[in-house]
Structure formats: C-alpha cells, structure tokens
Amino acid sequence: VPISELDILEFVSDSVLLQPFHRRSAPKPMSYNDDTNSFFEAPSDELKQTSVTLTDLLNGEPDLLHAAIARWRDAGHAEQCIDALEAIANYLDQNGDPQASMTGIRAKRAEDFVYPVF
Amino acid sequence: MADDSLILGISGLFHDSAAALVRGRDVLAAASEERFTRKKADASFPTAAVKYCLKQMPRGTKLDGVVFYENPVLKMERMFSNMFSTMSHGARTYPQMLSTLHTMNTELHDQLLGIVKDPSRVHFTAHHRSHAASAFLPSPFERAAVLVVDGVGEWSTTTLWLGEGDTLTPLREIRFPNSLGLLYSAFTQYCGFRVNSGEYKLMGLAPFGRPLHVDAIYDNLIDVKPDGSFALNHKHFRYRTDLTTIAPSFASVVGGEPLSPDAPVTPHHMNLAASIQAVTTEVVHRLARTALDLTGCDTLCLAGGVALNCVSNGELVRNLPGLRDVWVQPASGDAGGALGAALELAISSPAREKRRVTLPGLRPGAPKSPEKIGRDGMRAALLGPEYSGRSLARALKSASLKYTELDEAEMQSQLARDLEDGLIIGHFNGRMEFGPRALGNRSILADPRPQEMLQRVNLKIKFREGWRPFAPMVLAEHCAEYFSAPHDSPYMLMVSYLDDRFRSDIALEDIKAQGWCNLMDLRRFPPSSELPAITHYDHSARLQTISPEGNPRIHGIMSRFHDSTGCPIILNTSFNVRGEPIVCSPGDAVRCFLNTHLDVLVLGNLHVRRSDQDKDVVATIGKVKFSAD
C-alpha cells in the first residue's frame with residue numbers, strides 16, 4: 001500500500017476500525033434477491049426540495065466539508081466516525097489535494113479511470 | 001424572449017462538466033467544457049463554458065443567480081457512508097475520495113462565489129432533480145411522467161417523477177449502490193470499453209450478438225421486480241471499494257475473460273453486449289410503465305445517462321402500452337443537469353416572482369413562452385458558440401487553405417453534388433450542438449449508399465473501429481417510407497428499423513452459420529443493399545429526423561440530394577476523430593480536416609476542397625496518432 005494510503009488508513013482506522021459503528025453509520029443497501037414486491041423507496045426530502053442556497057447549505061459552518069460533518073453529527077452517527085471525518089478535514093487542510101502529488105502509474109491510473117462513485 | 005430570471009447552471013467535478021444560461025424558460029446558451037479544453041469528458045470546473053455562457057447574456061442584464069446541479073454536502077455524506085461501510089477494503093479509493101472532497105470543498109465553493117459573490121445567490125439542487133427538470137421543463141408537455149436513470153447522483157440512481165406545469169414531484173427512488181447505470185458500465189468495462197464513455201459502443205456492439213446470458217444476469221447480478229425496481233448482487237461488483245466496477249467473481253457469472261482496450265472483440269463479448277442490452281431494455285420498460293401507472297400520464301420524459309440508450313428508448317415508443325408520446329433530453333448525461341438546474345431555479349426564483357408584480361404590463365403568473373424551434377424549448381439543441389465569417393476565413397487563411405465563398409443556395413447545391421460524387425464532408429456551420437450528438441452543425445456527412453462508405457469513414461476519417469455503424473439523417477417528410485414505427489427524432493435518440501423493402505436477404509445468423517466470427521469480415525455482407533453505411537445488423541438505425549425549422553441548411557442539402565438521387569437519407573457522424581471531443585472552433589475543424597482524409601471542409605459559407613489544395617498543405621494526414629476513446 002503506498003504511503004499516502006497508509007497515512008489515511010492509519011488516522012481513520014485508529015478512530016473507528018474496531019468499533020461496531022457500521023449499523024448506525026451507513027444505510028443498509030437493499031438486500032439482493034429478497035421476497036419483497038418492490039425495491040423502490042419513498043423519495044428523500046432532498047429530492048423534494050427545489051434548491052438550497054450556499055448560505056443555507058453551510059448552515060454556519062466554515063466550509064462544505066464541515067457542513068457535511070455537522071450533518072453527520074446531527075444525525076447521531078458514532079463519535080468515532082466524526083473524529084475520523086474531522087481528521088480527514090484536517091488532513092486536507094494541511095496537505096491539499098492528495099491526487100495532485102500522485103506520480104507514475106498511480107497518477108496515470110487515476111487519470112484514465114473515471115471512478116464511477118466519486 | 002421571456003422576461004424572467006437570468007440563471008447560470010453548472011455541472012461538473014465528476015464528468016461532462018458544462019454550463020447553461022437561461023432566462024425563465026428560455027434557453028439562451030449551453031455548452032460542455034470538453035469542447036473548449038479539447039479534453040474528452042472534461043470533469044474540471046467548466047471555466048470556459050461559463051465564460052462562453054456569460055458572454056451570451058443580453059446587454060444590460062445581470063445574473064440573478066448561479067446553480068450547481070447537485071448537492072455537494074449530500075454527496076460528501078454518501079462518500080462518508082461508503083468509506084465507513086466498506087472499510088478497510090476501500091483503501092484504494094481513498095486518494096480519489098479525498099481528492100474529490102478537497103475539490104468540492106475548496107474549488108467548487110470558490111468558483112461559484114467568484115461568479116456571483118453573494119452566497120445567498122449561489123444555489124444547489126439535487127442531481128436527479130436537475131436531470132428531471134432537464135427532461136420535463138423544455139419538453140412539449142404540460143403534464144408528463146418523468147423517468148431518470150443514471151449511474152449515481154448524491155444517493156439516487158433511479159427516480160420517478162410527475163411533471164406538471166412548472167412543478168416536479170418525486171414519486172419513487174432507488175438509491176446507491178443499486179444502479180442500472182453502473183451495471184451497464186460493468187459490462188462496458190468487461191467488454192474492453194471505457195467506463196463513462198464507452199457505453200454507446202457497447203450498445204452498438206449488441207446487435208452482433210445474441211442475448212444468451214440474460215438468465216445468468218437475472219439469476220446472479222440483478223434482481224428486478226415487476227415494477228422495474230431492482231437491487232444488484234454486490235458481491236460481483238467492486239465500484240464501492242476499488243478503481244474498477246467488477247469483482248473477480250463477475251467473470252464466473254458471465255463467462256470468458258474481461259477484454260483489454262482495443263483487443264479484438266469476441267463472439268462471447270458480442271453476446272454479453274446483447275444480453276445486457278436486453279436486460280436494460282426490459283428494466284427501463286418496466287420502470288417507464290410504473291411511471292405512467294403512478295402518474296396516470298400517457299406522456300413520458302427521460303433523462304440521465306441511461307436515457308442515451310436509444311435502443312431502449314425506441315423500444316418504449318414501439319411497445320409500451322399506454323404511451324402516447326415521449327421526449328428525451330438531448331443532453332441526458334450530466335451536462336444536461338446544468339440546464340435542468342438552471343431552468344427550475346429560473347422558474348421558481350423569488351426574483352422572478354418579484355418582477356412579476358412590479359413590471360408594468362406583465363400579467364402575474366403568465367410568463368411569456370420561450371422561443372420555440374420544432375416542438376420543444378431546446379432551440380434544436382443548437383446552444384453553443386458560433387463564429388463570424390471573418391473568424392472562419394481567418395482560420396482557413398492561417399492554414400493556407402484555398403476556399404470558395406458561396407451564398408446559401410449555392411452552398412446547399414454544391415454540398416448535395418459533393419455527396420453525390422462520393423465526397424466526405426466536414427460540415428461546420430452556426431451554433432454548436434449541446435449534448436453528445438452532432439446534429440448537423442458539427443458533423444461529418446456522406447452518401448450512405450456506396451458499399452465502401454462505412455469503412456472509409458470509420459478507418460480513414462474517424463480512425464475508429466471499422467465495425468461501428470453510423471447514424472442516418474432522414475428528411476422528416478420521408479421517414480415513414482424507410483423506417484418502421486417512425487417517430488419524431490430530431491436528436492438522434494431513438495432507434496428505428498429499416499423497412500423490409502430495403503433489407504438485404506442475408507441474415508446475420510446465416511453468415512455466422514458459415515463460420516464467420518470477425519467483425520471486419522462481416523462488412524462484406526451488408527444488412528441493406530441500398531443503405532449499407534447506416535444500417536446495423538439487426539436492421540436498426542439511430543435515426544435523426546430533419547425538418548426545415550430544425551436545421552434549414554441540412555434540410556436544404558438533403559432536399560437537393562433527394563431531388564437528384566431519390567434518396568432522402570445521408571450519413572451523419574460527429575465532426576471529430578477518435579478520442580477527441582467534437583470540434584468547437586474553426587481552428588479545431590481545420591485541424592481535423594488536415595489530419596484526416598476528409599474530402600471537403602465547410603466553414604459557414606466557405607467551401608474547401610482537398611483536391612484544390614497544394615500538396616504540402618495537406619501532407620499531414622497519418623502523421624498524428626489518435627488515442628483510444
């Protein structure tokens with residue numbers, strides 16, 4: 001594992017890796033091949049909302065990342081998760097974009113592959 | 001022009017960055033960033049597209065607001081959730097995840113505020129809401145069911161809506177990680193094409209195969225309910241935890257090995273393409289039927305990347321009971337999200353409400369209709385930059401190209417003659433198209449009748465795979481003579497089928513029975529004896545209907561060509577070479593002309609013939625290598 005990933009793993013896993021946070025921290029994906037009639041969900045409140053301003057989105061936080069962390073805290077997620085996210089925010093503050101420092105095959109791979117999730 | 005809020009919409013930082021400028025319901029401008037930066041599917045903040053759109057603002061006006069097509073805080077929350085729920089298997093994705101977080105947190109914030117300064121005038125809307133707005137608000141319908149299907153937004157991957165008047169109401173949702181778009185992308189990758197750009201190639205490959213693996217897909221990869229809702233079997237996918245869509249076990253389900261880019265396509269991969277196309281078509285059909293049932297509508301609007309699957313779209317038109325009419329947003333990918341977000345904000349903007357009651361002579365609640373070309377509010381999707389005659393001439397002179405200036409009637413006649421002579425034309429005229437399809441203004445045009453035309457254009461002009469078919473432009477008034485189940489298709493988003501009278505007697509299965517399995521050899525057995533360059537092996541064609549109001553130049557050329565040859569159809573493909581975005585500027589068009597075997601270049605009313613040029617001017621052909629797309 002390249003050093004940058006070790007760094008990231010270390011500060012995240014120190015906080016949360018061994019904690020039983022999963023059930024509270026992540027919505028459970030619809031189970032595959034179940035016996036329900038439908039996998040549809042009711043639309044989220046965010047889908048119903050026409051738009052939100054930057055002022056409202058920040059909700060008093062200094063930036064978007066801290067606004068997202070605050071929402072997680074308000075949603076009752078485990079404190080270990082919040083600590084990890086705060087650590088990520090600090091990491092980015094201090095180091096900037098980690099992809100900018102990628103070199104060689106890793107940089108090429110990241111550039112070539114349009115990651116479908118992020 | 002409607003006197004309503006002036007809004008700039010922006011999409012980006014994922015793929016297909018774009019900007020759009022609207023005034024009320026009137027779309028003034030829209031363009032993708034890739035066209036300016038010449039980097040295909042450019043995902044960076046669309047600085048050049050924004051600059052272009054802002055230049056199109058009416059004199060003396062100022063922006064009422066800027067809107068980003070998705071909610072970055074929600075997206076961050078999904079990333080957090082994904083990271084924690086997949087820890088620590090997802091470590092490979094962390095650098096990209098952190099990079100995305102950083103970009104959204106700093107660049108997005110700063111760039112948006114750089115445009116309007118005031119944070120209360122910077123807006124965000126949900127990704128799927130932007131798509132839904134792009135599908136419904138410019139559509140010709142007052143009331144319609146709306147279906148959005150793509151890879152993923154913040155959480156949504158599939159949504160069903162009711163569109164009514166100015167409002168959109170979400171009805172149902174399927175959320176990440178269950179995604180029809182990502183399932184299709186997994187097969188795209190497995191068949192050797194690039195995720196998020198090669199999906200249309202997989203669709204083009206499908207007619208060469210047989211859907212032998214449909215049951216394996218339903219049994220192992222996706223559980224689809226009768227209402228079209230679905231869940232994926234995540235043990236065979238890796239997009240949550242790695243820089244790949246598929247897990248090693250994916251191969252055990254579908255058989256064979258994943259193809260590497262540019263490897264020869266095997267019959268097995270053709271069958272996989274046919275199989276995932278069949279599954280996609282079935283799921284979209286069920287979803288659309290549910291959308292009609294829930295809304296009680298007989299009209300349907302589509303958007304999201306999956307709406308670019310014109311095979312599925314065409315199937316809806318032909319076979320969905322209760323569907324009277326369908327409209328597909330021509331920029332159905334993420335670029336169109338910029339337009340949808342802007343339209344909805346402009347229509348719902350408080351600034352507009354204020355103006356409605358303060359402006360004398362404007363009846364409250366009755367905004368003026370936008371300018372219409374054809375039946376919708378998209379201005380024929382010709383929303384990008386156009387260039388002055390002086391700029392066009394300058395581009396030719398700087399390349400030392402000899403040209404002839406023709407008036408409009410002369411140009412149309414000349415180009416009809418060029419087509420009849422078998423010449424291949426790079427046609428650059430007027431405003432650039434918005435969306436992934438070239439619709440005539442940045443198009444390569446050719447006569448579809450000669451047997452060798454498909455390979456000439458594929459191999460000598462586009463430098464792409466020789467098996468890939470081209471789309472036909474057909475004069476709208478003659479469409480029914482050539483194609484079954486004709487449907488108005490101005491944006492090349494519907495597949496239709498060539499009438500039996502024009503099909504050759506040779507069936508694909510018969511050719512395969514003779515031991516054939518090579519895509520290139522297949523071209524010796526054309527599926528149509530009259531129109532081989534635009535007919536696929538299942539006799540399907542990705543149709544574009546041409547009307548005089550949609551594109552008067554192209555309609556004029558085709559009418560003259562038809563008068564002379566009796567053929568109301570020409571071949572149309574995007575004006576670019578493999579791996580590059582469609583040309584935007586006159587300079588791009590000149591470079592493409594010089595680096596390919598195009599016979600004719602048209603810039604507005606300037607006509608350039610390769611055979612008239614000095615040899616040293618056109619000696620660059622073959623010296624430029626084009627990368628895979």
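Guide: What follows is a series of questions about a predicted model, each answered from computed values.

Visitor: What makes Arg78(B) count as buried or exposed?

Guide: Arg78(B) has a relative accessible area of 1%, and since buried means under 20%, Arg78(B) is called buried. This residue lies in helix α3 of chain B, which spans residues 72–86.

Visitor: Which backbone atom does the side chain of Arg78(B) reach, and what makes that a polar contact?

Guide: The side chain of Arg78(B) reaches the backbone oxygen of Gly153(B) at 2.9 Å, and a polar contact is a pair of N or O atoms within 3.5 Å, with one able to donate a hydrogen and the other to accept it. As for a separation along the chain and in space, Arg78(B) and Pro526(B) are 448 residues apart in sequence and 49 Å apart from C-alpha to C-alpha.

Visitor: Why is helix α6 of chain B described as largely enclosed?

Guide: Helix α6(B) covers residues 180–190, and because 10 of its 11 residues are buried, it is largely enclosed by the rest of the structure. Among the buried residues are Leu180(B), Leu183(B), Tyr184(B), Phe187(B) and Tyr190(B).

Visitor: How do you know that Ser179(B) caps the N-terminal end of α6(B), and what follows the helix?

Guide: A side-chain oxygen of Ser179(B) lies 3.4 Å from the backbone nitrogen of Gly181(B), which can be set against the limit of 3.5 Å for a polar contact. After α6(B) comes Gly192(B), whose phi is positive, near 90°.

Visitor: What makes Phe68(B) and Tyr69(B) an edge-to-face pair?

Guide: Their ring centres are 5.2 Å apart and their planes make 85°, while pairing asks for centres within 6.5 Å and the edge-to-face label for planes over 60 degrees apart. Both Phe68(B) and Tyr69(B) are buried.

Visitor: What can be said of Trp327(B) and Tyr491(B), and why does this pair tie together separate parts of the sequence?

Guide: These rings are 6.5 Å apart, centre to centre, with 90° between the planes, and the pair is edge-to-face. Trp327(B) lies in strand β12 (residues 325–328) of chain B and Tyr491(B) in the loop between β17 and β18 of that chain, so the pair ties together parts that are 164 residues apart in sequence. Trp327(B) and Tyr491(B) are both buried.

Visitor: How many aromatic pairs are found over all chains, and which residues form one cluster?

Guide: The search of the whole structure finds 14 aromatic pairs over all chains. One aromatic cluster is formed by Phe176(B), Phe187(B), Tyr190(B), Phe237(B), Tyr239(B) and Phe250(B), and of these residues, Phe187(B) and Tyr190(B) are also buried members of α6(B).

Visitor: What makes β13 and β17 of chain B the edge strands of the sheet?

Guide: The open sheet has 10 strands in the order β13-β22-β21-β14-β15-β20-β16-β19-β18-β17 (chain B), with mixed pairing. Strands β13 (404–405) and β17 (483–484) of chain B each pair on one side only, and they are the edge strands.

Visitor: How do you know that β16 of chain B pairs with β20, and in which sense?

Guide: Strand β16 (residues 471–475) and strand β20 (residues 569–574) of chain B are joined by 4 bridges in the antiparallel sense, where at least two bridges are needed for pairing. Within this pairing, Val474(B) stands opposite Ile569(B) and Met473(B) opposite Ile570(B).

Visitor: Which strands does helix α11 of chain B lie across?

Guide: Helix α11 (residues 310–319) of chain B lies across β18 (494–498) and β19 (540–546) of chain B, at about 70° to β18(B).

Definitions and conventions: Residues are numbered from 1 along each chain as its sequence is written. Chains are lettered from A and ligands numbered from 1 in the order in which they are written. This is a predicted model: local features need pLDDT of at least 70, side-chain atom pairs count only at pLDDT 80 or more; totals for chains, interfaces and linings use all residues. Side-chain values use heavy atoms; hydrogens and water are left out. Helices (H or I, at least four residues) and strands (E, at least two) are DSSP runs, numbered from the N terminus. Contact means heavy atoms within 4.5 Å. Axes are lines fitted to C-alpha atoms, for helices over the stretch in contact, and angles run from 0 to 180 degrees between N-to-C directions. Buried means under 20% relative accessible area, exposed over 50%, partly exposed in between (1.4 Å probe, protein chains only). Rings of Phe, Tyr and Trp (its six-membered ring) pair if their centres lie within 6.5 Å; planes under 30 degrees apart count as stacked, over 60 as edge-to-face and the rest as tilted.
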